[in-house]
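Here's a quick briefing to read with the structure open beside you. Take it topic by topic and click along as you go.

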Amino acid sequence: MNALTLWFHKTGSPPTAYRLAGRIMPWCYGLGLVLGLVALYGGLVLAPRDYQQGDAYRIIFIHVPCAWMSLFAYFFMAANAFIALVWRIKLSEVLAMAAAPIGAAFTFITLVTGSIWGKPMWGTWWTWDARLTSELVLLFLYLGVIGLHAAIEDRRQAARAAGFLALIGIVNIPIVHFSVNWWNTLHQGSTVRLMGPSKIDASMIWPLLLMALATHVWFFGSVLARTRIGLLELDGGKDWVRAIALDDDKEAHA
Amino acid sequence: MRSGSTAAACAALVRRDLTLVWRRRGDAANPILFALIVVALFPLALGPEPEQLRRIAAGVVFVAILLAGLLALDTLFRSDYEDGSLEQLVLSPHPLSLLLACKIAVHWFTTALPLIIVSPLLGELLHLAEPLRGLLPLALLLATPLLSLLGAVCVALTVGMYRSGMLLALLVLPLYVPVLIFGAGACNAAQAGLPFAAPLLWLGAALVLALVLAPLACAAALRISLS
Amino acid sequence: MNDFLAMGGYGAYVWSAYAVFFVVLALEALAPRATRRRVLADLRGRLKRRDARNEASA
Amino acid sequence: MPHTAPASVELRDRPALLEARGLAYARNDEPVFGPLDFTLHPGEVVLVEGDNGAGKTTLLRLLSGLLAPTSGEIRLAGEPLTLARLSPQVALLSHANGLKPELTAIENLRFAAGLLGLRSGLSPTTVLAGVGLAGYDDVPTRKLSAGQKKRVALARVLLAPVGLWLLDEPYANLDRDGIQLVNRLLENHANRGGAALITSHGAYAYTSGTPRRIPLRADANRSDA
């Protein structure tokens, strides 16, 4: 076994991964919070008012990063599901299933903020615009993965079935996007361009990118938090988990 | 000792499934009845104006048939799982994906084909526009096998579950969206006097792909859920 | 400050969007804590059952 | 730990049909059984004994390739087991009989023959008579009693041209005659070079000859060390 695979096996072993995740997780949450606050200050205070949309455009600083995250989380989940199914690596199973609820949360935020933004701009809470529709389908995909994972008793079988579904979804996403675009051009009436041709100023761009970075870091923090729990569940009978369970009990009664 | 040929196994499976449908022929009309009810509810909800109904006719028939198919999907593996013959299928020496393809084909033939045959009647109830009378069954002919194939993969994932109805709908819906858009979209485009060949060709291409890939995916999914 | 909160008349939209963002992410970050407590309680239950079984068969 | 004795002397020169080494299974990381070592040679009938929940059914599903073991390995004639290699050689009788209630006994058997093949010299009709159900050809399976259904399922196993039988509780629901029938079938199968692994919770057991036994116990009375 070469050094790299050896390292991988060691880090991939549940107790090591659990400890490592516990050490990195607070830094991710902290960094995400700090970067996010800076980005918010830049977006809400420093960035100038948009000449077309007024201050309503400021929703972009959360809407767009969340939309990016909704896709990123899905790719992260599908990539891990692929690794888990092909090489049967436990850690990847747990990582894939940890990403699902976070991705669903970001997708939900994207949909809600998009529709809140739509009200003043389009005069309606919901429009069957191609992007919003694709995002809605994406939310259903996430909910399907989460639902399937929750419905199966055996944890490993659940992760494998849900991972398989996530992989079908990754094929489906571009097809949905393509079909929804076609459908939308068929019904030209309702298409409204959200981000018009107005030039985006540099003072608007940096808070956006910084917020995107913050959400990524936050995402990894949350993935690690959920991965730790997944590892505890998966390795329930092992000594290291037993020690943690008993420690936790002592803390609760102390 | 010899084991039979794969063709003989497929033939035996097709014969058995057809016999079973025949023995339970009372249930065979259920999807048609369901689609009829759904279609009949629309005029009751929207009012009987022919113009208004004509505008939505193709879409409503499509959705009604899609829902009826979704309802029928559950029967694809349910009884086979419960009486243990699904296990025997997995353990047979023949390629599982091929056997599943046979099962899906029989299922399509006995649940979706009757729906296509009654689709002109359903269209007539909603005053379907004249030029769509031929196009709607054609679009359905391309779309329903896709629905059966994609649905089978999702059913295979939920096969061991107690109550899978709602979850199955949730799993299947994102996969059905493109099929619905292109199938009903072709009809709508034709109605609006726009070119409609492209979406039908897309459906055809997707069908060819699904014919090859879906049985493989279905077999993989089934192995996961039976383990 | 009032100007800032008013957001040029779009205050209700902007702040409700940000509120959704923060509330959902906060819930998303708190959810693992609850799950963790439940998983560990389950595990302790399993340990207790196993001990009981071991005593019974010993 | 439930180690079994090594194979007896007269069997040692024949290659093992099925071999399990350190075979263990855990569900949600809760050990179900194992680690288990045993071999199955041609001509052998091995009885898996255990209480409810000891994992007898799980063991058969592992050996039939439907389940993957948590640890350890299964070898089939010396090669690692895969479903593709195994399936032409194994017949599984599980709790669910695998019979369609709407079909008649003979239709069920014809389907099984189409799917799995037919042992040379046998036909669905002769096999049905062989399990004591002559004349039941055109009765829908749903109208048969539980014991009669079991007999039809046994006929299905008998029909398949395979060497390895995995029978889960073959004696369940059977009367005295039925139990003798199972024993006779097993004996014939062993005599023509086949092998069988059967489970029983101990009430009725294979009595002709002295079959090897694999005791299977739930995890409770084993220390975790």
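Predicted model: local features only at pLDDT ≥ 70, side-chain atom pairs only at ≥ 80, totals over all residues.

Contact here means heavy atoms within 4.5 Å.

Residues are numbered from 1 along each chain as its sequence is written, chains are lettered from A and ligands numbered from 1 in the order in which they are written, and side-chain values use heavy atoms, with hydrogens and water left out.

**Chain A overall**

- Chain A has eight helices and zero strands, where helices (H or I, at least four residues) and strands (E, at least two) are DSSP runs numbered from the N terminus.
- Its C-alpha atoms fill a box of roughly 60 × 45 × 40 Å along the principal axes.
- Of the 254 residues in chain A, 55% are buried; buried means under 20% relative accessible area, exposed over 50%, and partly exposed in between (1.4 Å probe, protein chains only).
- Take the contacts in chain A between residues at least 6 apart in sequence: 78% of them join residues at least 24 apart.
- Chain A exposes about 11700 Å², with carbon and sulfur atoms supplying 69% of that; the areas come from the Shrake-Rupley method with a 1.4 Å probe, and for residues only the protein chains shown count as cover.
- The 19 positive and 15 negative charges of chain A have mean positions 5 Å apart. Lys and Arg count as positive and Asp and Glu as negative, while His and the chain ends are not counted; each charge is placed at NZ of Lys, CZ of Arg, CG of Asp or CD of Glu.

**The parallel sheet of chain D**

- Five strands of chain D form an open sheet with parallel pairing, in the order β6-β7-β8-β3-β9; two strands pair if DSSP finds at least two bridges between them.
- β6 (90-93) and β9 (212-215) of chain D stand at the edges with a single partner strand each, so one side of each has no neighbour in the sheet.
- Neighbouring strands of this sheet are turned by 15° against each other on average, direction ignored. For such angles, axes are lines fitted to C-alpha atoms (for helices, over the stretch in contact), and angles run from 0 to 180 degrees between N-to-C directions.
- Five bridges link β3 (residues 45-49) to β8 (residues 195-200) in chain D, and D:Val48 has D:Thr199 as its bridge partner in β8(D).
- Helix α5 (residues 146-159) of chain D packs on the sheet, touching β6 and β7 (164-167), and its direction makes about 175° with that of β6(D).
- Helix α6 (residues 176-191) of chain D also packs on the sheet, touching β3, β7 and β8, at about 155° to the direction of β7(D).
- Four bridges join β6(D) to β7(D), with D:Leu92 opposite D:Leu166.
- Four bridges also join β7(D) to β8(D), where D:Trp165 is partnered with D:Ala196.

**Buried spots in chain D**

- In a regular strand the side chains alternate between the two faces of the sheet.
- Both faces of β6(D) are covered: D:Val90 and D:Leu92 on one side, and D:Ala91 and D:Leu93 on the other, are all buried.
- In β8(D), six of its six residues are buried.
- D:His189 sits in helix α6 of chain D and is buried, at 1% relative accessible area. Leaving out residues up to four places away in sequence, its contacts include D:Arg119, D:Trp165 and D:Ala195.

**The antiparallel sheet of chain D**

- Four strands of chain D form an open, antiparallel sheet in the order β2-β1-β4-β5.
- β2 (30-40) and β5 (79-80) of chain D are the edge strands, each with a single partner strand.
- Two bridges join β4 (residues 71-76) to β5(D), and D:Leu76 stands opposite D:Glu79.

- Most residues other than glycine have a negative phi.
- A:Arg88, which is not a glycine, has a positive phi of about 55°; A:Arg88 lies in the loop between α3 (60-87) and α4 (90-122) of chain A.
- B:His127 also has a positive phi of about 55° without being a glycine. B:His127 is in the loop between α7 (96-125) and α8 (132-157) of chain B, and counts as partly exposed at 30% relative accessibility.
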